[in-house]
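I opened the model today and kept notes on what I looked up. The entries follow in the order I made them.

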Amino acid sequence: ISTATPRQIIISSTGLASRTKAFYDITGSHSANSVLDFHGVNFSNSLYDFNKIDVFVNGQAMRSGSSYDYILQPTGSLMFKFDLESGDVIQTILY
């Protein structure tokens, strides 16, 4: 962080942290416990660590785990524990 120029703050990264954000529009109904593919997302880049993967449905944060909202799949897919409907929006953020 630099404040060398008055009224300006510059924040730079040394590349230690990166993030990938993607949105997916659900175009039809999708039943609970069915695998949903997220093409172009590779959860292995975040080591399938739920602390490095954020999932939101319609802006609401989801909780990972078989007793919660979704389960990460080794294929770059998610299995939601509830039905998804046309018009729902899924957002993934990987760190």
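**Entry 1: a buried serine**

I began with Ser 77, which counts as buried because its relative accessibility is 0%; buried means under 20% relative accessible area, exposed over 50% and partly exposed in between, with a 1.4 Å probe and protein chains only. Ser 77 belongs to strand S6. Strands (E, at least two residues) and helices (H or I, at least four) are DSSP runs, numbered from the N terminus.

I noted that this is a predicted model, in which local features need pLDDT of at least 70 and side-chain atom pairs count only at pLDDT 80 or more, while totals for chains, interfaces and linings use all residues. Residues are numbered from 1 along each chain as its sequence is written, and side-chain values use heavy atoms, with hydrogens and water left out.

I then looked for the partner of the Ser 77 side chain and found a polar contact with the side chain of Asp 37, at 2.4 Å. A polar contact is a pair of N or O atoms within 3.5 Å; within protein, one must be able to donate a hydrogen and the other to accept it, and residues adjacent in sequence count only if both atoms are side-chain atoms. Leaving aside neighbours within four places in sequence, Ser 77 has contacts (heavy atoms within 4.5 Å) that include Val 35, Phe 43 and Ile 71.

**Entry 2: a histidine in a loop**

I moved to His 30, in the loop between S1 and strand S2 (35-37). His 30 is buried, with a relative accessible area of 15%. Its side chain reaches the backbone oxygen of Ser 34 at 3.0 Å. Beyond four places in sequence, His 30 is in contact with Val 35, Leu 36, Phe 82, Asp 83 and Leu 84.

**Entry 3: the sheet**

I traced an open sheet of four strands in the order S1-S7-S3-S4, with antiparallel pairing. S1 (20-25) and S4 (60-61) are at the edges with a single partner strand each, so one side of each has no neighbour in the sheet. Two strands pair if DSSP finds at least two bridges between them; S3 and S7 (residues 89-94) have five, in the antiparallel sense. Across this pairing, Asp 54 stands opposite Ile 93 in S7.

Phe 56 is also in S3 (residues 53-57). I checked its C-alpha atom against that of Gln 91: they are 5.0 Å apart, although the residues are 35 apart along the chain.

**Entry 4: the core**

Which residues touch the most other members of the largest nonpolar core? I found Phe 38, Val 55, Leu 78, Phe 80 and Ile 90, out of 18 residues. Such a core is a set of buried Ala, Val, Leu, Ile, Met, Phe, Trp, Tyr and Cys residues joined through side-chain atoms within 4.5 Å. S3 gives the largest share of this core, three residues.

**Entry 5: aromatic rings**

I counted three aromatic pairs. Rings of Phe, Tyr and Trp (its six-membered ring) pair if their centres lie within 6.5 Å; planes under 30 degrees apart count as stacked, over 60 as edge-to-face and the rest as tilted. Tyr 70 and Phe 80 are a tilted pair, 6.2 Å centre to centre with 50 degrees between the planes. Tyr 70 is in strand S5 and Phe 80 in strand S6, so the pair ties together parts 10 residues apart in sequence. Tyr 70 and Phe 80 are buried.
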